[in-house]
Amino acid sequence: MGMTYVQKLLARACGRPQAAVGEVVEPPVSLAMSHENGALVINQFNEIFKGTGLEPKVWDPSRIAIIFDHRVPAESSKTATNQKKIREFIQKQGIKKFHDIRGDSGGICHQILPENGYVRPGMVVVGTDSHTTTHGALGAFAFGIGATEMASVWALGNILNVEVPGTIKVVVKGRLPRGVYAKDLILHLVGKLTAEGANFKAIEFHGEAIREMPTSGRLVLCNMTVEAGATAGVVPPDEETQRYLREEAGVTDALDLFGPDADAVYDQVVEIDAARLEPQIACPHTVDNVKGIGEVAGKKVQQIVVGSCTNGRLDDLEVAAKILKGKRVADGTRMLVFPASWRIYSDALRMGYLRDLVQAGAVVCNPGCGPCLGVHQGALADGETALATTNRNFKGRMGNPNAEVYLCSTAVAAASALTGEISDPRGVL
Amino acid sequence: MATGKVVRKLGDDVSTDIIYPGRFMATVLPTETPQYAFADDAEFNRKLKAKEIAPGGFIVAGKNFGCGSSREQAASCIKGYELTVVARHFARIFLQNSINVGLQMVICPAIEAEEGHELEVREGKVWDLTTGKSFAIEPLPKARQAIIDAGGLIPYARRLVLERAGR
């Protein structure tokens, strides 16, 4: 029987001819990523070795990546102490894929991994972050795990008890119209599947709109597959994947490229006509509460956030700058911009995007997770409404349970910054 | 499993931001996380901290409990109060984290029980002793049961580390 992309990947990773849906496998891990929650991983890792008489040693330091992004620069002495503890561990264990708080190499983990060529097609990638699904955009089977699970990976080198997931095939026909982006597509899909519609399953993307989509957009799609509950999202690698890896990520070694079998069996097939999509908004307080922009246009917003691991890439900053250049962020609205990495920040600086944004009244912050999860900068006041290009709008998400968060594309965020209310970008592009 | 009262009833899609708000994520140790459990559900959080809620109680929830972040604090903070979560279904990462850290949880697709009701988990069912109704439990996959039987992922992984080292 034919296999889906993820089935095939897991079969290859485990060195066997087949991987049946529901079967439990324990594949070797190609890359294990953590951020500041590495502090808890270290604690649990040491616990595993307690009383064994063995020295706590990671299975392969070259396969571990640690990126500081959630609270950078540290917002408290507690975070600073966690970061210090992690640096000492990294030094001791000889971990080289470490991205500290630095303007020449830092950023958000889900941008750092792709842009440094750490992720390749066929890899099994785990991360102590639910948005690790992002890396399926490059043909990896990538998913989020907890800290204790990661401690076990660091000790053993494989991930225990992975059930081979069934797959939902999403076919996106046609082309995205002007003013409609990958973000609108994924919000539409999450709304359609619901927050648990893909629970314990993988989502595999196909169709003309995907083939024509640059990797930056595919990263957005896979990033948010977890919002439908998916274990992983994946775009089977194609020419664009190779272009990105060679030209943007500096990968020179051979790539292991394969696709799903033509007779693969899918749990469900979802077809979307890209040409009929309009800008989408996820309304409070769940990501699957998705509406067409027409239904929410006019809603007043006090804070606009552009950035994060979802929409903080160069093409996002470009569209925001294009909309805001020579104009002004509305009074009564503040606009915060968080590029996804310092490489992107530097490129946007060179292209003049940051200048255009700042001159329009936006505040450009350093790359990092920022206000997305309410831990660092950009908290909301009681009764305030935010419009953000981030990936979650749960109650309390932006640091205040008495505030509301709406999610949208970068173009919607920038167009709304001009008016101070949720606005359709198609009129200002 | 002994009997206990429903101490809190929650709806569908309870996110990890509700269980353990992101702003407390710098606190990581299982000994310290319970103080922030349901921090934005102020009255419940107060009762937990004041020990007005006895260990052995149940949180009853709808579908997709624990959706969102991979933060393990969401599982460890509930475990700290020795509560059991009975939900219609769980989000994947939360389910795995619960097993790994030893938080008691029960998948019970049709569960219906109100706060104050007395529950008992027995013979593959959750019994609401207050109403006399019972609800079938969905068993965990075998591979996950092995981790529970070992007392969590740390002892389970420890055994594997020792086996691989030939001890």
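Predicted model: local features only at pLDDT ≥ 70, side-chain atom pairs only at ≥ 80, totals over all residues.
Student: What makes the 47 residues of chain A and 38 residues of chain B part of a contact?

Tutor: The test is distance: two residues are in contact if their C-beta atoms, placed from the backbone, lie within 7 Å. The contact takes 47 residues from chain A and 38 residues from chain B. On the chain A side, helix 2 (38-49), helix 3 (77-93) and helix 5 (147-156) each supply at least two residues. Helix 2 of chain A has the largest share, 7 residues.

Student: Which classes of residue make up the side of chain A that touches chain B?

Tutor: That side has 21 polar, 16 nonpolar and 10 charged residues. Gly counts among the polar ones.

Student: Why is the largest nonpolar core said to lie between domain 1 and domain 2 of chain A?

Tutor: Look at who contributes. The largest nonpolar core has 194 residues. Both domain 1 (5-272) and domain 2 (280-427) of chain A give residues to this core, so it lies between them. Trp154(A), Leu324(A), Leu357(A), Ala414(A) and Val85(B) touch the most other members.

Student: Which residues does Ala414(A) touch?

Tutor: Leaving out residues up to four places away in sequence, Ala414(A) touches Val306(A), Val319(A), Ala320(A), Ile323(A), Leu324(A) and Pro425(A).

Student: How do you know where domain 1 and domain 2 of chain A touch?

Tutor: The contact takes 33 residues from domain 1 of chain A and 30 residues from domain 2 of chain A. On the domain 1 side, helix 4 (109-115), helix 6 (182-193) and helix 8 (215-223) of chain A give two or more residues each. Helix 6 of chain A gives the most, with 6 residues. The domain centres, taken over C-alpha atoms, are 25 Å apart.

Student: Why does the radius of gyration of chain B agree with a compact globule?

Tutor: Set the value against the rule. With 167 residues, a compact globule would have a radius of gyration near 15 Å; chain B has 16 Å, so the value agrees. Along its principal axes, the C-alpha trace of chain B spans about 55 × 40 × 25 Å.

Student: What share of chain B counts as buried, and what makes a residue buried?

Tutor: The cut-off is 20 or more other C-beta atoms within 10 Å of the residue's own. In chain B, 49% of the 167 residues count as buried.

Student: How many helices and strands are in chain B?

Tutor: Chain B has 6 helices and 7 strands. From the N terminus they run β-α-α-β-α-β-α-β-β-β-β-α-α.

Notes. Residues numbered from 1 in each chain as written. Chains lettered and ligands numbered in written order. Helix = DSSP H or I, 4+ residues; strand = E, 2+ residues; numbered from the N terminus. Core = buried A, V, L, I, M, F, W, Y, C linked by C-beta atoms within 7 Å. Buried ≥ 20, exposed ≤ 12 C-beta atoms within 10 Å, placed from the backbone. Domains from an automatic or database assignment. Rg over C-alpha atoms; globule rule 2.2 N^0.38 Å.
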